[in-house]
Amino acid sequence: MTKPWLPLEPDPLTTGPALTRFAVEAAERELGVMLPAAYVRTLEHCNGGFVIRGVFRTAFPTSWAEDHFEVTSVLGIGGVFGIDSTSDTSSKYLIAEWEYPEIGIVIAHTPSGGHDTVMLDYREAAPGQPCVVYVDEDRVPRKIAESFDEFAAGLTDALRAE
């Protein structure tokens, strides 16, 4: 059974053009990875945007709280602001600018404006099956989900996290 996508709301700084198979293939070539089907499925409904449920519980303390962090938006593909673009919102730029570990793709923004992030980690992944990691100010990747589906399912609303 296909799982539902992560609901997003359009955002002028993270929502790209309508997603096409060509755009996904071009992004995968540019980034040198196969993107997870669940991430692509989400972007087919809204190609990047604000996360409606943005709190992710953790078993470790973060710079945000003892037991969670927040995600404000998921990055799309293509256009000016996609993960594969040449702008200052591309995954490659964000990794270089913020000195994130070179383990995969930056896929989300947090309220910190770059001090922490969420990435797809391809170090030990089968093609198209990266785990999802949280990277805090110490730049140590911490696994938070085995898949994008699991990451999406773990997001909740802020009122329930407090």
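**Contacts and salt bridges**

Tutor: Leaving out residues up to four places away in sequence, Ser87 touches Val80, Phe81 and Tyr93. Contact means heavy atoms within 4.5 Å. This is a predicted model: local features need pLDDT of at least 70, side-chain atom pairs count only at pLDDT 80 or more, and totals for chains, interfaces and linings use all residues. Residues are numbered from 1 along each chain as its sequence is written, and side-chain values use heavy atoms, with hydrogens and water left out.

Student: Is Ser87 buried or exposed?

Tutor: Ser87 counts as buried, because its relative accessibility is 16%. The cut-offs are under 20% relative accessible area for buried, over 50% for exposed, and partly exposed in between (1.4 Å probe, protein chains only).

Student: New topic. How many salt bridges does the structure hold?

Tutor: Eight. A salt bridge is a side-chain nitrogen of Lys or Arg within 4 Å of a carboxyl oxygen of Asp or Glu.

Student: What does Lys92 pair with?

Tutor: Glu30, with the closest N and O atoms 3.0 Å apart. That pair links distant parts of the chain, Lys92 in helix α3 and Glu30 in helix α1, 62 residues apart. Helices here are DSSP runs (H or I, at least four residues), numbered from the N terminus.

Student: Which residue does Arg41 meet in a salt bridge?

Tutor: Asp149, at 3.1 Å, N to O. Arg41 counts as buried, because its relative accessibility is 16%.

Note on methods. Helices (H or I, at least four residues) and strands (E, at least two) are DSSP runs, numbered from the N terminus.
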